[in-house]
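Please read this note with the model open beside you. It is written for someone meeting the structure for the first time.

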Amino acid sequence: MKLSNGIISIEVSTHGAELISLKKGDTEYVWQADPEYWKRSAPILFPIVGKVWNGEYKANGGVYHLPQHGFARDMDFEVVKADANALVLALDSSEETLAKYPYEFHLEAKYTLEGSTVHILWTVKNPSSEEMYCQIGAHPAFNYPEFSKADEVHAYAELFDAADAKVESLEISRLGAQGCCSPLKGHFEIPGGQLPLTADLFSGDALVQEGSVVKKVTLFDKQQAPFLTVVSHCCEVMALWSPPQKDAPFVCIEPWLGRTDRVEFTGDFSEKDWIQRVAPAAALDFDYSITV
């Protein structure tokens, strides 16, 4: 499904309600899912972000199994609306999802355009009379402008906090066994607030910044001209990722309401780090935007 406002255009797949194209003129900003590096473009992470320890978790007195980043990205959504103003797709809980995740839900994904900006709003509704717990996050991948493996620095990123001030110092959660968070933290300075994006930067996997510090990331090209900006005022975690040891032609800028398990976490699902509680008949909104 396509949407255009004469300035930018997008394409969204019904499979996973995934944004698979964002163009301005002849420039394609979204990674085109070449499986040599990574077979996705901008998946929805739901009902978890990252992994559960040993691939299993406890909830409602039972033990369940979920793959990395949940199942929404691999399911077909129903088209609710597709007109000149918006694309809206939905996914409902079913026997298939309840076997993996014991909560009823209605998930809507809405895409709208404003000037050079794509607004993305995902809403998780709890239709039941019981509390539900979930995580949700975005994983959009963006092409490096004028990519060349010969370049040590492929682009630059500026990070901003809720007050729109540059973040010049970062504490990073390190990933350990099974892609879960270790107790170790990484700390590094960003001189001048501009982070060079190199292949080596992601040798230890994703850079995961917790605690609602980073709310906006602007990507600059090699000449340090602005290329695109991702903003999420609601996110509690922000991650940067490019496939380790691949020197890939893209970087992911990932706002999350959630995070992978702690190493060896075996508590109840409701006790996960950065878990979101949705009351009966209530809803959880997650939104972010991309400006090119």
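The points below take up a sheet, the cavities, the pockets and the salt bridges.

1. Ground rules. This is a predicted model, in which local features need pLDDT of at least 70 and side-chain atom pairs count only at pLDDT 80 or more, while totals for chains, interfaces and linings use all residues. Residues are numbered from 1 along each chain as its sequence is written, and side-chain values use heavy atoms, with hydrogens and water left out.

2. The sheet. Four strands form an open sheet in the order S1-S2-S3-S4, and their pairing is antiparallel. Strand S1 (2–4) and strand S4 (27–28) are at the edges; each has a single partner strand, so one side of each has no neighbour in the sheet. Strands here are DSSP runs of E with at least two residues, numbered from the N terminus. Two strands pair if DSSP finds at least two bridges between them.

3. One pairing in detail. S1 and strand S2 (residues 9–12) run antiparallel and are joined by three bridges. Leu 3 has Ile 10 in S2 as its bridge partner.

4. Cavities. How many cavities of 30 Å³ or more are there? The count is two. A cavity is a set of points, on a 1 Å grid over the protein atoms alone, where a 1.4 Å probe fits but cannot get out; lining residues have an atom within 4 Å of a point. Grid points are joined across faces, edges and corners, and a volume is the space filled by probe spheres set on the points.

5. The largest cavity. Its space is about 60 Å³. Among the lining residues are Leu 159, Leu 170, Ile 172, Gln 209 and Met 238. Strand S16 (169–175), strand S19 (207–210) and strand S22 (237–241) each give at least two residues to this lining. By class, the lining has 10 nonpolar residues, one polar and no charged.

6. The lining includes Tyr 144, His 154, Phe 202 and Asp 247. Five lining residues are nonpolar, three polar and one charged.

7. The largest pocket. A pocket is an open set of points with protein on both sides within 12 Å along at least five of seven lines. The largest pocket holds about 380 Å³ of space.

8. S16 supplies the largest share, four residues. The lining has six nonpolar, four polar and two charged residues.

9. Salt bridges. Side chains of opposite charge can pair when their charged atoms come close. A salt bridge needs a side-chain nitrogen of Lys or Arg within 4 Å of a carboxyl oxygen of Asp or Glu. The model has 13 salt bridges. One of them joins Asp 74 and Arg 73 (3.9 Å, N to O). Asp 74 is partly exposed at 41% relative accessibility, and Arg 73 is buried at 10%. Buried means under 20% relative accessible area, exposed over 50%, and partly exposed in between (1.4 Å probe, protein chains only).

10. A link across the sequence. Asp 164 and Lys 216 form a salt bridge (2.8 Å, N to O). Asp 164 is in the loop between strand S15 (155–160) and S16, and Lys 216 is in strand S20 (residues 216–220), so the pair ties together parts 52 residues apart in sequence. Asp 164 is partly exposed, at 45% relative accessible area. Lys 216 is buried at 19%.

11. Arg 259 and Asp 273 meet in a salt bridge (2.7 Å, N to O). Both are in the loop between strand S23 (250–257) and strand S24 (276–278), 14 residues apart. Arg 259 is buried at 5% relative accessible area, whereas Asp 273 is partly exposed at 22%. Salt bridges with shared partners join Lys 185, Glu 210, Arg 259, Arg 262 and Asp 273 into one network.

Technical notes
Ala, Val, Leu, Ile, Met, Phe, Trp, Tyr, Cys and Pro count as nonpolar, Asp, Glu, Lys and Arg as charged, and the others, Gly among them, as polar.
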